[in-house]
Amino acid sequence: MNIAVLSRNANLYSTTRLLKAIEERGHKAILIDHLKCDIVIHENKPAIFYKGQPVENIDAVIPRIGASVTFYGTAVVRQFEMMKVFTAVDSQAIVRSRDKLRSLQVMARAGVGLPNTAFTNYSKEEKNLISQVGGAPLIIKLLEGTQGLGVVLAETQKAAQSVIEAFHGLKARVIVQEFIKEAGGADLRAFVIDGEVVGAIRRQGKEGEFRSNLHRGGSATVVKLKRSEKAAALKAAKALNLPVAGVDMLQSSRGPLILEVNSSPGLEGIEKATELDIAGKIVEYCEKNYQKPRRRNTPTQLKE
Ligand code: ADP
């Protein structure tokens, strides 16, 4: 197969590993920087040009779209879908996973365990919002934040009120969430591929830090998930229609609570801690699910 990795940087651990895994499994690996793609829309003949050349004969793409370029990155993935190219993750699912509020709504509907969360657009309602999640201490999160930036722990009602006021004053949208104290500054990351948890790590924040993000100095260790944790991870990935996903959850006294589902989960933390070939498993997923089109990119086929 000809498999393209959509990534902005060949030197990133995840990108390098995916390209290598593709070659190791006997395929041709192609790196495409999605920001350097032109999308050409003609009736019945969708095309992508990469650095001026038409992109042709790609069998599958593995999108690695950074949060800051979601709009254009997912437009490129969508264009590959229009060209009937198999994608490891759907453009629509990536878009949805990037919206924290929407993801929580979709997961709640599917019966996934979540921390109690509230959102308001009306900035005079801080007090009500705070009581909706059981009062302080509580977590305030920027809807557009990643890597733990924009996640604040407000210890008191007063602090919570002023932080929410400040964010609202800046016209930043935030969600307010109950603080899961018993998680002890740690969370679990389950790596899901094709309806299976293929590996899991426990991330512990550095001393005195409630955020466990590796980018914030947290450390990762291999963990064996409980059955309820595996089930929660699979349910969350399924609800968001993500066959390849990194599911983050907190261990609470009422069971696993999903924090977020990542549609371009990093491979470094999980592969280094578990010593598993997660990149190879992603490629294997593409091999199994890609179906050779009978007549690729022909107008008749595209009309279907
Ligand atoms: P980001 O997408 O920026 O990583 P998260 O929602 O994953 O934001 O939060 C970052 C970290 O903060 C989590 O990994 C977790 O350790 C901690 N955290 C987030 N929400 C809560 C919460 N409701 N209760 C306790 N800790 C939390």
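Biologist: Does Lys 124 count as buried or exposed?

Modeller: Lys 124 counts as exposed, at 63% relative accessibility (exposed is over 50% relative accessible area, buried under 20%, partly exposed in between, with a 1.4 Å probe and protein chains only). This is a predicted model, in which local features need pLDDT of at least 70 and side-chain atom pairs pLDDT 80 or more, while totals for chains, interfaces and linings use all residues. Residues are numbered from 1 along each chain as its sequence is written, and side-chain values use heavy atoms, leaving out hydrogens and water.

Biologist: Where does Lys 124 lie?

Modeller: Lys 124 sits in the loop between β8 (117-119) and α5; helices (H or I, at least four residues) and strands (E, at least two) are DSSP runs, numbered from the N terminus. Between Lys 124 and Tyr 50 there are 49 Å in space, C-alpha to C-alpha, and 74 residues in sequence.

Biologist: And what is Glu 126 in contact with, beyond its neighbours within four places in sequence?

Modeller: Contact means heavy atoms within 4.5 Å. With those neighbours left aside, Glu 126 is in contact with Gln 161, Ile 164, Glu 165 and His 168. Glu 126 belongs to helix α5 (residues 126-132) and is buried, with a relative accessible area of 9%.

Biologist: How many residues surround the ligand?

Modeller: A residue is near a molecule if one of its heavy atoms lies within 4 Å of it. Here 19 residues surround the ligand, and the closest are Lys 141, Gly 148, Asp 187, Asn 213 and Glu 260. Strands β9 (138-142), β11 (174-178) and β16 (255-262) each supply at least two residues of that shell.

Biologist: Which polar side-chain atom lies 2.6 Å from an oxygen atom of the ligand?

Modeller: That atom belongs to Glu 260. The side chain of Asn 213 has an N or O atom 2.8 Å from a ligand oxygen, and a polar backbone atom of Ile 180 is 2.9 Å from a ligand nitrogen. The protein buries 97% of the 540 Å² that the ligand exposes when taken alone (Shrake-Rupley areas, 1.4 Å probe).

Biologist: Last one: how many disulfides are there?

Modeller: A disulfide is a pair of cysteine sulfur atoms within 2.5 Å, and by this rule the count is zero. The sulfur of Cys 37 is 17 Å from its closest cysteine sulfur, in Cys 286, so the two are too far for a bond. Cys 37 is buried at 1% relative accessible area, and Cys 286 is buried at 0%.

Methods: Polar contact = N/O pair within 3.5 Å; in protein donor to acceptor, adjacent residues only side chain to side chain.
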